[in-house]
Amino acid sequence: MGLTRRDWLQWTGGAAAGVMAAGGLQAAFEEHFQAATPAAAGEQTLITSCGICSPSCGIKATVKDGAIRFLEGLEGDLSGNGHLCGKGAAGAAFTYDPDRLKYPMKRTNPKKGLDEDPGWVRISWDEALDTIAAKIKDAITRYGQESLLFVTLPSPDVWMRFMNAIGVINRIDHIDECFLTDRIIQRYTTGGKTWCNDFENSKYIVLFGWDILAKAKLVYANGIVDARDNGAKIVCFNPQYSATARFADEWYPIKPGTDLAVALAMIQVLLSENLYNKEFVDAYTNFKDYETKIREHFAAYTPEWAEQESEVPADVIRRIAREFAANGPAIVPAHKKTLCANYANGSQLVHAISILNILAGTIDRPGGRYFPRSVNIPGVDNIYPPPAYPPKQGRRIDGKEKLPFVLEDGGGMFSTLTDGILNRYPGMIKFAFFNFYTALGFPNPPQMFEALKTIPFLAVMDIIPTDTANFADIVLPHVTYLEANDLVARDYKAKYPQVVVRQALIPPMFETKSIAYVGLELGKRLAPDYFKTPAGEFINLNTLLDEKTKRSGLGGSFAEFKAVGIYENKQPFTPRTTFATAGGSGKCQIYVPQFAEKGADPLPVWRPKRDLPSPEYPYYYLTFIPAVHRRNTTENNAILHEMFPTNSAIISTALAAKLGIKEGQTVRIRSRVGAIELPAHLTETIRPDAVMVAHGFGHRSKFLTKAGGLGARDGDVIPAQTIDELVKAGNFAGAACIMDAVVNIEPL
Amino acid sequence: MAKYGWLLDAKRCIECRACESACKQWNGVETGINVRYRRVNVSESGKYPNVKTQALSMACNHCENPWCIKACPVKAIWRRDDGVVLIDRDRCVGCTMCAQLCPYGAPQFNIEVRKMEKCTMCVDRIDAGLQPACATLCPTGALKWGKWDDIQNKGAAQVPGFANPNQTKPNIRFVVSGWGK
């Protein structure tokens, strides 16, 4: 076996080379995985990319005797800057999780429920794919394309082609809980995703709930640390004193959901005192075209007004606005599920944030938000152009047609899905495929479990047996990112183009496959014409990857590129002078006429968050994702589980005293849709009118031997939405309103 | 005299816990029994809203005067010439005396094998010319490792929440001033 532990013991002073069980991942490896690992002697250092979150930090991996030994950062990589976070460093524990799904399986117990044993029976890939293909065909034939539900990101390209080829209209993803509002607003205000934040060159950074340090996203965290090193001032508005707040010069425990008021007031100060970057604004924005309208619109949003909403003192807001203007380059990041952008007023807040960046004149300028200079890696549709896709016909289960900007974007809608399945169109969905998503990710998971029971056939592809897999008729085992091949272009931090390889450090274990394989194989069965090369042969995934490598100029073949691992072209950064805003003006848009045309706010108007504290539900309910976890996918990772195994109700000592709650005491948090019970954790770091709960816990699948049964589902108290609620709230960019709940708290 | 030591700049810590993960992975430390050679401990001080927090990444400090060695009744703990303190698990009887005396909670009881274990400063990596896994992974430079000669005069010997260094003379210093460049 010759595994690492033994070597390590020998090093440990020689005398310690006694008999001892191998520990940690090595034990898991020896017990559960070694038989599935082809013997490969010797030690290799390989370059690959992390797959836990999307910036995909570069990895330098040590693989020894066929086992993943150690993961560390890749020098020169833009995303991780040569480092990994705690999640990334624990990556091999996903691959060596004994609970992993290993083979395709079908259920033998027709009764579905969280507590029902599915009665899994191992089946072949052919049987699994044939069954799924037959179910899809039957659903389309009898009920039309609208009866299919695919809960999956729109990637990879081959999987997406499969969905397009069979005319899937109901594809759903979690983006409305994430960056959907930002992506839509950016399209119309600056022209594209300005996800890159040039913090290291910023001198003034204002953070509205933006707490990505506390999520340990290195692509941004490194920049914030650099900003401090370079003498930037950082101001943080957050109801909780987070890890990010610790990096700030000033922290204001803003009233939840009122970031918009402060942002509007900052704009008011910049405009009324003419402190904006005139050179940029005159040359590159539509300010002049709408100046009177814009000035009139913001005139009423004075700092004094904002103080009443937000509890941030008016003189503070005024001073910060002035400093923001005088001490630039200044930046206000937005993006991702944070405490600011996932309220019902998230569309307006992100618009206000975008205007602040425009007024600072730092869009695509040093110290501001800039557009990534990425390598455009061609997709399968570029390489093997498909026949025309069939039109997407039928009803949308998520009601997205009522939100034209969301419809155009294509992202979302987790928050309206269960209402669609259970109430708007009950019985419409006959077949569902969940790819790497579980019910825990939705608002109100119990409602999702009920919805799953109404779907006649459910296929689930995942790495681990999630709660949702428990409801599946067929489960398919997915490879981990450490067993996968791909090309990853940097676009979270990319002043110049860079690509890092993702390569299988070890061959896929057991019978695990990728979702691209499933797309291709289902495609061959259901829409073969879409899966052929011009030569008439079926697409081969390896050849496709070679083609992508060649056409991106990365090398003659994927094998050739993976030996090098990283490509970059350090071309100088030339700031944009035309902006690709939707509508074609070529300018940044402060006033967005296209929003007005479709009944949305052309300028951000003040709207309160959806649910406000009431006598019955007096407290704000906030959720967060711990630094060592990612969404709801990492809690069963042995290393991460040990560090952060469960969640608690984080409340202030003042509130605890008022309610008679002691540290560790179980409390019940109840909202208008549900209740959870979990131990209290007392702190001085949070507003006394709020409670905070970590997302990702409360898995109930008994097949998850570590995470199963631990913690509470934060989502059980978060209302799912109806599409009409969203429209009525003016939530035109479709925020899922994860942070809008209010609750009651009682000690038990 | 110790050859190596830690330099901790707590204000740079983002609590990502790469140091912890790297340690577990490199050293193959058993999971699920809460043996963690390195831990990031977050403490808070002050009253809302004038609150502060501090994250300290802590492991064995490979003390100049290691109480664990004094505590061990079977002489299972020893110190290399370069100052790295190690537990010889062939000799260890798992009595936990070392854990009871260590002011830093470094030695931990592995309930599976009923023996003590702790941070080895990744001696295998040091001997191969590498840095310990934790310091290698730390993305922000909050946790640094190096020659004690270069570290011993830097910063302060103690921060709030850290045991009196005069007791065991730990080989760790804390950056406390400026924005710790």
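Is B:Ala59 buried or exposed? I'll come back to that after the ground rules. This is a predicted model, so local features need pLDDT of at least 70 and side-chain atom pairs count only at pLDDT 80 or more, while totals for chains, interfaces and linings use all residues. Residues are numbered from 1 along each chain as written, and chains are lettered from A, ligands numbered from 1, in written order.

Now the residue. B:Ala59 counts as buried because it has 24 C-beta neighbours inside 10 Å; the cut-offs are 20 or more for buried, 12 or fewer for exposed, and partly exposed in between, with C-beta atoms placed from the backbone. B:Ala59 sits in the loop between E3 and helix H2 (67-71) of chain B. Helices here are DSSP runs of H or I, at least four residues, and strands are runs of E, at least two, numbered from the N terminus. Beyond four places in sequence, B:Ala59 contacts B:Tyr37, B:Arg38, B:Ala106, B:Cys119 and B:Cys134, a contact being C-beta atoms within 7 Å.

Next, the interface. Chain B gives 44 residues to the contact and chain A gives 52. On the chain B side, H1(B) has the largest share, eight residues.

Last, the strands of chain A. Strands E1 (residues 43-49) and E2 (residues 58-64) of chain A run antiparallel, joined by seven bridges; pairing takes at least two DSSP bridges. In that pair, A:Glu43 is opposite A:Lys64. E2(A) also pairs antiparallel with strand E3 (residues 67-73) of chain A, over six bridges, and A:Ala61 faces A:Leu71 there. Two residues separate E2(A) and E3(A) in a hairpin, and A:Asp65 in the turn has a positive phi of about 50°.

Definitions and conventions
Contact = placed C-beta atoms within 7 Å.
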